[in-house]
Amino acid sequence: MSFPIFLVDAFACKQFEGNPAAVCLLTNEVLSDAQMLKIAVEMNQSETAFVSPVNPSDTFQTGEHFNLRWFTPTNEVNLCGHATMATSAVIFEKRDNINEQLTFHTKSGELMVSKVGDEYVMDFPLNHTVPQDPTPVKELIQLSIGKIEPQDVQYAAIPHRDVVIRLPDSTSRDVLEGLKPDTTAMMRAFPDSHIKGVIVTLRGCPENGAKDESGEMFDFMSRYFDPWNGIPEDPVTGSAHTVLGSYWSGQLNKTELYARQCSARGGNVRLSVKKTRVN
């Protein structure tokens with residue numbers, strides 16, 4: 001058995017930025033879950049995508065509908081934005097797909113990706129948050145942001161199960177980038193629980209360094225910690241922005257948002273928030 005595997009940096013504006021994903025193009029190959037997990041371990045990326053045409057008579061050049069699954073080095077996940085974008089780039093750029101839009105059939109439903117010029121537009125479900133009582137997650141907050149008192153704490157339920165911690169607006173970008181969460185202790189404190197990820201986010205403003213290289217202001221910034229899925233920190237997380245888009249759209253009363261994920265690699269994300277979807 002053999003099939004091509006690509007390594008793609010999604011959400012990258014330059015080399016060695018964004019979030020790497022491995023993309024496996026499957027045609028007649030049938031892999032078990034155990035085999036896919038072993039390949040994901042071998043690739044050792046935050047996610048490895050496995051994609052195949054829904055219709056066996058289609059090719060990667062002609063098909064519009066594809067089955068798509070994502071595996072971290074420890075388990076399968078229900079939703080992954082950057083690996084979906086990476087998969088789309090491979091199909092459009094390396095297999096010269098003739099369609100304007102691709103539809104991926106996943107555990108999170110149908111996800112659409114369109115190629116617009118040199119850019120890709122993803123259409124994902126919008127995931128809302130609810131207020132989270134800080135008391136039950138006090139230890140998690142301290143392990144994530146230290147002695148900083150959060151301005152807000154939210155929770156995003158299934159499929160994410162993420163705690164969203166908003167830093168005070170007076171916090172600088174340098175402080176956000178300098179956080180050093182104890183991800184091992186985070187897992188010990190909340191093993192096999194309703195929490196599977198932590199998003200730390202900060203409103204962008206002129207005083208806290210929330211600008212890109214051209215000087216354009218970010219509406220918000222974030223970092224994402226996911227040790228429960230074998231990823232201490234994810235560099236740039238499309239699925240987390242389906243949560244952040246919902247939260248910040250409500251906070252800022254805006255539907256068009258510009259964001260920065262402030263990991264060591266980092267990446268910029270533009271969001272267009274609709275009633276139930278986000279692009």
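**Notebook: surface, fold and I98**

I began with the surface: the chain exposes about 12900 Å² of accessible area (Shrake-Rupley method, 1.4 Å probe), and 49% of this belongs to carbon and sulfur atoms. A note to myself: this is a predicted model, where local features need pLDDT of at least 70 and side-chain atom pairs count only at pLDDT 80 or more, while totals for chains, interfaces and linings use all residues. Residues are numbered from 1 along each chain as its sequence is written, and side-chain values use heavy atoms, without hydrogens and water.

Next I looked up the fold. I found 6 helices and 17 strands in the chain (DSSP runs numbered from the N terminus: H or I of at least four residues for helices, E of at least two for strands). The radius of gyration, taken over C-alpha atoms, is 18 Å, close to the 19 Å from the globule rule (2.2 Å times the number of residues to the power 0.38) for 279 residues, so the chain is as compact as a globular protein of that length. Along the principal axes, I get a C-alpha box of roughly 55 × 40 × 35 Å.

I then checked burial: 56% of the 279 residues are buried (under 20% relative accessible area; exposed is over 50%, partly exposed in between).

Last, I turned to I98. I98 sits in the loop between helix 2 (81-94) and strand 6 (101-106). At 60% relative accessibility, I98 counts as exposed. Which residues does I98 contact, leaving aside neighbours within four places in sequence? I noted Q61 and T62, with contact meaning heavy atoms within 4.5 Å. From I98 to A83, 15 residues apart along the chain, the C-alpha separation is 21 Å.

Key: Buried < 20%, exposed > 50% of the residue type's maximum accessible area, 1.4 Å probe, protein only.
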